[in-house]
Amino acid sequence: MLLTPKIVAIGTVLAVVVSGVAIAQMTPGDHPMGPDHQQMMQSGQHPMGPEQMQEMMRQHRGMMPKGNRAGMHPASTIPTLLGQDAFGAIREVVGILDADPKTDWSKVDLAALRQHLIDMNEVTLGADAAPKQIDGGLEIAVTGSGRTLVAIQRMVPAWAQTMNGQSGWTAKTTSLPDGELLTVTATDPKEIQHIRGLGFIGLLVSGSMHQPHHLAMAKGEFDHEHLDQGH
């Protein structure tokens, strides 16, 4: 069947549009159309029929990103960050407890874990730490008042007891009217420099006790009396 002039004209317009898109998207390594192809386009001729050209246009539209820049993944519609560190730490522990069929929910004590995380926040952000180099290591006066003092008295002696003897360190505390005097020493010259370089907060985060300790506390397996007394 012969194509009417109207169909031929539509085909020519579509051919020009497709050709323009192809040229605009051509990378430096692509080759331009040859003279014969350009002459066919200018004369209204095209190697594809109208239906094939329409299918090409449809596929091209389907490849275009909707509402996003090319190459970018669509943004998530649900936030993943919990927004607060202590909240996130408790949520992680709850997830572990939920996934463990052996969890004894009659013993779970998340309130104790929350109080401990408050202690951590108080000591990390509110305590004053005055370090002094001594033979073999470091002596640090950790002081504060109010809720911060309570947290210091609970956390610092407990940390010293846990870390004493590890990594060749000797760790001990002495009570002060407004805090604790933490002393950490070693005999290995490298460990002495290590201790001094860590300073108070570096020492406090050292060791692998924190995460297992948190889980044990949440399960109700931790001796709170010993924690409160700093033993």
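Figure 1. Of the contacts in the chain with a separation of 6 or more, 61% are between residues 24 or more positions apart; contact denotes heavy atoms within 4.5 Å. The model is predicted, so local features need pLDDT of at least 70 and side-chain atom pairs count only at pLDDT 80 or more, while totals for chains, interfaces and linings use all residues. Residues are numbered from 1 along each chain as its sequence is written, and side-chain values use heavy atoms, with hydrogens and water left out. The chain has nine helices and four strands, defined as DSSP runs (H or I, at least four residues, for helices; E, at least two, for strands) and numbered from the N terminus. Along the sequence their pattern is α-α-α-α-α-β-β-α-β-β-α-α-α. Buried residues (under 20% relative accessible area; exposed is over 50% and partly exposed in between, with a 1.4 Å probe and protein chains only) make up 28% of the 231 residues.

**Figure 2. The four-stranded sheet.** The strands form an open sheet in the order E1-E2-E4-E3, with antiparallel pairing; two strands pair if DSSP finds at least two bridges between them. Strand E1 (128-134) and E3 are the edge strands, each pairing on one side only. From one strand to the next the twist averages 15°, where axes are lines fitted to C-alpha atoms, for helices over the stretch in contact, and angles run from 0 to 180 degrees between N-to-C directions. Seven bridges connect E1 with E2, and Ala129 has Val142 in E2 as its bridge partner.

**Figure 3. Strand E4 and its two neighbours.** Strand E4 (residues 179-186) is largely enclosed by the rest of the structure, because seven of its eight residues are buried. Strand E2 (residues 137-143) is joined to E4 by seven bridges, with Gly137 opposite Thr185. Strand E3 (residues 169-176) pairs with E4 over eight bridges, and Trp169 is bridged to Ala186. A hairpin of two residues links E3 to E4.

**Figure 4. Glu180 in strand E4.** Glu180 lies in E4 and is buried yet has no salt bridge; Arg154, the nearest side chain of opposite charge, is 11 Å away. Lys and Arg count as positive and Asp and Glu as negative, with His and the chain ends not counted; a salt bridge is a side-chain nitrogen of Lys or Arg within 4 Å of a carboxyl oxygen of Asp or Glu. Leaving out residues up to four places away in sequence, the residues that Glu180 touches include Ile140, Val142, Ile152, Val156 and Thr173.

Figure 5. H6 lies across E2, E3 and E4, at about 20° to E4, whereas H7 lies across E1, E2, E3 and E4, at about 10° to E2.
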